[in-house]
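Q: Can you walk me through this one? I have the sequence and the model open.

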Amino acid sequence: MVARIIPVEPFDLVIFGGTGDLARRKIFPGLYRRLADGQMPAEARLIGAARAEMDDAAFRASIAVALEEFLPAGGLDPAKVAQFLDMISFVQIDATGDAGWSVLKKKMRRDVVHAFYFSVAPSLFEPIAKRLKERGIAGSAARIVVEKPFGHDLDSARALNRNLACYFDEAQIYRIDHYLGKETVQNLMAVRFGNMLFEPLWNSQYIDHIQITVAETVGVGGRGEYYDRVGAMRDMVQNHLLQLLCLIAMEPPARYDPDSVRDEKLKVIRALDSVEPDDIVRGQYAGGPDGPSYLEDVGDAKSRTECFLAMRLGVSNWRWAGTPFYLRTGKRLKARTSEIAIVFKDAPHSIFDVPRGRHSNILSIRLQPNEGMQLGVTIKEPGPGGMRLIDVPLDMSFAEALGERAGEIPDAYERLIMDVIRGNQTLFMRGDEVEAAWAWTDPVIAGWEARGHIPSPYDQGSSGPDDALMLLHRDGRRWREIRP
């Protein structure tokens with residue numbers, strides 16, 4: 001059965017930072033794909049806004065180059081590209097001054113959805129929001145999209161929320177985390193809440209532990225100065241990994257709507273245990289034949305910022321009491337992969353001559369690359385010679401299961417931007433959710449800073465520091481192998 005694509009309403013979307021890397025790499029290519037797939041109406045208008053001096057023609061030419069660069073070769077339809085570029089215009093604007101705002105106001109049409117994407121530094125969120133509201137450009141139905149980081153700590157997150165609330169209601173603010181737009185993340189909710197098979201087993205009685213891994217092969221590269229102020233905890237764990245944990249651990253919401261889903265996620269964050277010092281491993285990649293060390297990349301030989309983090313934590317509620325969650329993320333690891341592994345307990349009694357602790361039933365949810373799910377089951381090995389057991393996967397990769405339709409799966413940014421136009425906040429973080437995540441994160445960071453902890457070095461192309469392996473070994477468990 002072919003899914004019917006329903007176009008969204010006509011809209012004006014203003015992308016502040018329209019000449020920036022995110023706009024060129026993700027936003028405009030994603031919007032082109034939505035047009036090509038018939039989801040974006042021909043009446044839509046896309047307005048780039050930035051300090052750069054250029055006219056509409058020059059900006060359109062730059063977007064044409066971006067489409068060629070960031071979309072698959074041969075994936076562009078010349079007629080669609082021409083139609084898409086015709087939707088685009090540009091406004092030279094000063095985010096903190098007066099220039100350009102009257103021009104932008106004249107470009108905005110009446111009786112269409114108005115959305116404003118803040119693809120800029122967080123320091124510009126409040127100045128832009130203020131000018132949009134005070135100059136009558138954004139009305140009570142307008143939507144704003146803000147990119148992470150949503151603050152650097154609890155105090156700055158509260159200040160950011162408070163500043164935005166001066167000009168926009170919470171229902172108008174879309175805090176975007178692209179991980180929540182991934183097809184597999186949403187399929188996690190479908191698998192849990194749409195099938196009787198899993199939900200009765202989704203608790204500490206049947207699940208031994210859960211692993212969440214987000215591994216990257218790249219180093220900090222040109223982001224060294226920024227990254228060294230942030231580290232893996234703030235850059236990845238506080239948002240991406242905690243959001244994945246919430247979707248795994250949350251109770252079934254009463255219905256699939258924004259506040260019901262986000263209420264349950266908030267309960268999980270508030271139920272997180274504090275993390276003991278022995279349950280945290282921090283690391284930095286060492287130098288080697290594949291590249292410089294983390295310290296060389298950031299230009300600070302005394303840096304104590306982590307680019308690898310592994311931790312063990314618990315959720316103190318009835319469903320998950322006693323079930324550990326292991327989180328791991330890092331740079332310059334052996335493969336690029338993002339995976340959630342639900343490791344079920346062994347059968348309470350085995351009639352076969354097999355060792356305990358095999359954990360043959362593992363539901364692996366793969367976010368990247370090759371999105372899909374895999375469930376491990378035990379069967380008899382074919383052939384004579386007695387009852388020999390082997391573990392085999394029940395595998396569903398989207399590419400294989402959906403065939404040609406796998407190519408239709410939207411990128412995370414595509415899906416989320418269309419949700420903004422629809423007014424659907426389900427996959428966006430709410431202000432109290434952001435603050436609760438920082439309230440849990442801040443004491444963890446303060447703890448290792450007070451102890452003067454120095455991150456452990458690890459080899460590039462490895463699975464991280466040896467101490468991270470011991471984090472599970474001491475519990476009689478082991479990490480799943482990081483595979484491409």
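This is a predicted model: local features need pLDDT of at least 70, side-chain atom pairs count only at pLDDT 80 or more; totals for chains, interfaces and linings use all residues.

Q: Where does Asp228 lie?

A: Asp228 lies in helix α8, residues 224-249. Helices are DSSP runs (H or I, at least four residues) and strands are too (E, at least two), numbered from the N terminus.

Q: What is the nearest side chain of opposite charge to Asp228?

A: Arg229, 8.5 Å away. Asp228 is buried yet has no salt bridge. Buried means under 20% relative accessible area, exposed over 50%, and partly exposed in between (1.4 Å probe, protein chains only). A salt bridge puts a side-chain nitrogen of Lys or Arg within 4 Å of a carboxyl oxygen of Asp or Glu. For charge, Lys and Arg count as positive, Asp and Glu as negative; His and the chain ends are not counted.

Q: Which residues does Asp228 touch?

A: Tyr294, Val298, Asp300, Ser303 and Thr305, not counting residues up to four places away in sequence. Contact means heavy atoms within 4.5 Å.

Q: And Arg234, which helix is that in?

A: Arg234 is in helix α8. Arg234 is buried and has no salt bridge. Glu449 is the nearest side chain of opposite charge, 4.8 Å away.

Q: New topic. How many cavities of 30 Å³ or more are there?

A: The structure holds 1. On a 1 Å grid over the protein atoms alone, a cavity is a set of points where a 1.4 Å probe fits but cannot get out; lining residues have an atom within 4 Å of a point.

Q: Which helix gives the most to the lining of the largest cavity?

A: Helix α6, residues 154-165, with 3 residues. The lining includes Phe150, Arg175 and Val434.

Q: Is Pro149 buried or partly exposed?

A: Pro149 is partly exposed, because its relative accessible area is 29%. Pro149 sits in the loop between β5 (143-147) and α6.

Q: Why does Phe28 count as buried?

A: Because its relative accessibility is 0%. Phe28 is in helix α1, residues 21-36. Leaving out residues up to four places away in sequence, Phe28 touches several others, among them Ile15, Leu46, Phe59 and Phe84.

How values were computed
Residues are numbered from 1 along each chain as its sequence is written. Side-chain values use heavy atoms; hydrogens and water are left out. On a 1 Å grid over the protein atoms alone, a cavity is a set of points where a 1.4 Å probe fits but cannot get out, and a pocket is an open set with protein on both sides within 12 Å along at least five of seven lines; lining residues have an atom within 4 Å of a point. Grid points are joined across faces, edges and corners, and a volume is the space filled by probe spheres set on the points.
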